[in-house]
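Please read the following note with the sequence and the coordinates side by side.

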Amino acid sequence: LSKGADSSERVLVTMRWGLIPSWFKKDDPCKMPFNTSNCRSDTMLTKSSYKGPLLKGKRCVVLADGFYEWQQQDGGKQPYFIYFPQTTNQTAETEEGDEWKGWRLLTMAGIFDCWEPPGGGDALYTYTIITVDASKDVSFIHHMPAILDGEEAVRKWLDFAEVPTQEAVKLIQPTENIAFHPVSTIVNSVRNDIPECLAPVELGAQKQVKTTASSKAMASWLKSSKEASPKKRENEVPRWTSQFIHNPSPKKTSAGVLQQWLGKAAEPAAKRRKV
């Protein structure tokens, strides 16, 4: 956190997933001996990697379309896409000035830290996603991201000066306000990064996916995204190793909703990088 920072100001920055604590002494962050992509809520105030930055107010919100989880079934593991319930009356302005009927991004609670190479060099900002016990609606999984549901929860989690740690951690709890549907097993390969990864599928010949407002919004969003996005070449397909989604929405839609979420006009690049 920079000196004199306004705790109510929201800044959108790029960070590396997998927290590297500031006290890590190796010369290469890849030498971190354990996985810090996810942080269990019941240990975040006991493990030094998370307790230190958390007590210093280094709280962040991780934005994503949603995340995948797998349910064990007789025929193997069935993937599901989990996200916020969607409505068709949300609107936002895109960079081109067109009205976009919205996609509500998932807002997940995270902790970040700043690591500097012992021998000197650029500082590296990294983060971890806090996880909690799954809600009863998705009881087939053990843990899920700690989702901040609503503007007030997001505001309290980010405002490190006005909301102390002990009050902020009360926001970390399971939420019932989620939607989910089964998706194709093509998501099992990290090489696949196409709209079909999010599309609802049928489970069994006689069982239909339940049509809801969220699934209708999903279908409309997937259709517009596919039409607006050029096909990626093989070497451009991102790869990841954890179950939470890394890739953002298509540029046109993401830019509009992120700007709306930040609640301010575009800032100079130098200011946006401030943490």
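1. Is W17 buried or exposed? W17 is buried, with a relative accessible area of 13%, where buried means under 20% relative accessible area, exposed over 50% and partly exposed in between, with a 1.4 Å probe and protein chains only.

2. On the basis of the note: this is a predicted model, in which local features need pLDDT of at least 70 and side-chain atom pairs count only at pLDDT 80 or more, while totals for chains, interfaces and linings use all residues. Residues are numbered from 1 along each chain as its sequence is written, and side-chain values use heavy atoms, with hydrogens and water left out.

3. On confidence: the mean pLDDT of the protein (pLDDT being the predictor's confidence in each residue, from 0 to 100) is 77, and 66% of the residues reach 70 or more.

4. On strand 8 (residues 106-115): 10 of its 10 residues are buried, so the strand is largely enclosed by the rest of the structure. Both of its faces are covered, with L106, M108, G110, F112 and C114 buried on one side and T107, A109, I111, D113 and W115 buried on the other. Strand 8 pairs in the antiparallel sense with strand 3 (residues 59-64) over 6 bridges, two strands counting as paired if DSSP finds at least two bridges between them, and V62 has M108 as its bridge partner there. Strand 8 is also joined by 6 bridges to strand 9 (residues 124-133), again antiparallel, with G110 standing opposite I129.

5. On T128, which lies in strand 9: this residue is buried, with a relative accessible area of 0%. Its side chain reaches the backbone nitrogen of N38 at 3.5 Å, and a polar atom of that side chain lies 3.4 Å from the backbone nitrogen of C39. Leaving aside neighbours within four places in sequence, T128 is in contact with residues including L19, Y50, A109, G110 and I111.

6. On the aromatic rings: rings of Phe, Tyr and Trp (its six-membered ring) pair if their centres lie within 6.5 Å, planes under 30 degrees apart counting as stacked, over 60 as edge-to-face and the rest as tilted; by this rule the count comes to 6 aromatic pairs. The rings of W17 and Y127 have their centres 6.3 Å apart and their planes at 5°, so this pair is stacked. W17 lies in strand 1 (residues 16-17) and Y127 in strand 9, so the pair ties together parts that are 110 residues apart in sequence. Y127 counts as buried at 12% relative accessibility.

7. On a second aromatic pair: Y68 and W70 are tilted, at 6.2 Å centre to centre and 50° between the planes. Y68 is buried, with a relative accessible area of 6%, whereas W70 is partly exposed at 26%. Ring pairs link Y68, W70, F81, Y83 and W103 into a cluster.

Note on methods. Helices (H or I, at least four residues) and strands (E, at least two) are DSSP runs, numbered from the N terminus. A polar contact is a pair of N or O atoms within 3.5 Å; within protein, one must be able to donate a hydrogen and the other to accept it, and residues adjacent in sequence count only if both atoms are side-chain atoms. Contact means heavy atoms within 4.5 Å.
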